[in-house]
Amino acid sequence: MDEIYMLSVYGDTTFTSILSLKSLPDPDRTHFMWGFSKDFGMCGIRVGVLYTRNHYIRKAVNQLVVFHGCSGPVQHVLQQILKDRDWLDNVFFPIHKKRLKEAQNILIDGLANVGIPVFKSSGGLYVWADFRKFLKTQTFEAEIDLWRKILDEKLLISPGKAFCCYEPGWFRIVFSDSVDKIILCIQRLQQLLFDKMDEPVTLCSSPERNTCIEPDDNVSANVINTPVDDMSEGYSQLKKIAVF
């Protein structure tokens, strides 16, 4: 079980780890993985955890540790962080989850205001956004062509093809960043999709399985058209958020 986002679940959702179960249906074939890169924003540390009762898996992984071991100083730093359970439980993770939720809401509402629906999640650091109506043809070639145009606007979002998505036109957008950058992303997408591109194709009605989040009537479209430096007082406060 890959539980890399286990501590980045927010809203009303409660995460249940496989390790919290009293008994596993097949303990010898159940393996748990987790790392510091997502929940702690430490992708550069390159440290993960594997928990398994399988002797053969442990033996194979131990052979790799010789070449990919974690250095002593890094182990010491991570140990000090994990030892402070009171700070983690009462300060770090509550703030971490609150900021992720706020950043996700800003991105979803902003995308909705420019006509881009998304699949809303209750955990993780990204959303799946539906760009299908902006493809010239409903093909992965058109998806890559749109992706290159987005890159030209100095935006790095990931096309669905990179994740073996079965349908062209879906993009993964990470929101674990400062609010300034999220708003700038939406502004650049709006400029590209509506000011610089030819008229997109018209889609047929989406299948029911692709039902996405619709625009929130309570969110003003003026947010996207307002320069970052001139945001309202509420958004000025949100600009100070540093998303982990």
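Predicted model: local features only at pLDDT ≥ 70, side-chain atom pairs only at ≥ 80, totals over all residues.
Residues are numbered from 1 along each chain as its sequence is written, and side-chain values rest on heavy atoms, with hydrogens and water left out. Local features need pLDDT of at least 70 and side-chain atom pairs count only at pLDDT 80 or more, whereas totals for chains, interfaces and linings use all residues.

Helices (H or I, at least four residues) and strands (E, at least two) are DSSP runs, numbered from the N terminus. Helix H2 covers residues 55-68, and its 14 residues should span 20 Å at 1.5 Å a residue, which agrees with the 20 Å between its end C-alpha atoms; the expected span is 1.5 Å times one less than the number of residues. At the start of H2, a side-chain oxygen of Asn-54 comes to within 2.9 Å of the backbone nitrogen of Tyr-56.

Four strands make an open antiparallel sheet in the order E3-E4-E6-E5, where pairing requires at least two DSSP bridges between two strands. Strands E3 (118-119) and E5 (158-159) stand at the edges with a single partner strand each, so one side of each has no neighbour in the sheet. Strand E4 (residues 126-130) pairs with strand E6 (residues 170-174) over five bridges, and Ala-129 has Phe-171 as its bridge partner in E6.

Leu-88 lies in helix H4 and is buried, with a relative accessible area of 4%, buried meaning under 20% (1.4 Å probe, protein chains only). Leaving aside neighbours within four places in sequence, Leu-88 is in contact (heavy atoms within 4.5 Å) with Phe-40, Ile-81, Leu-82, Phe-93 and Pro-94.

Conventions: Polar contact = N/O pair within 3.5 Å; in protein donor to acceptor, adjacent residues only side chain to side chain. Buried < 20%, exposed > 50% of the residue type's maximum accessible area, 1.4 Å probe, protein only.
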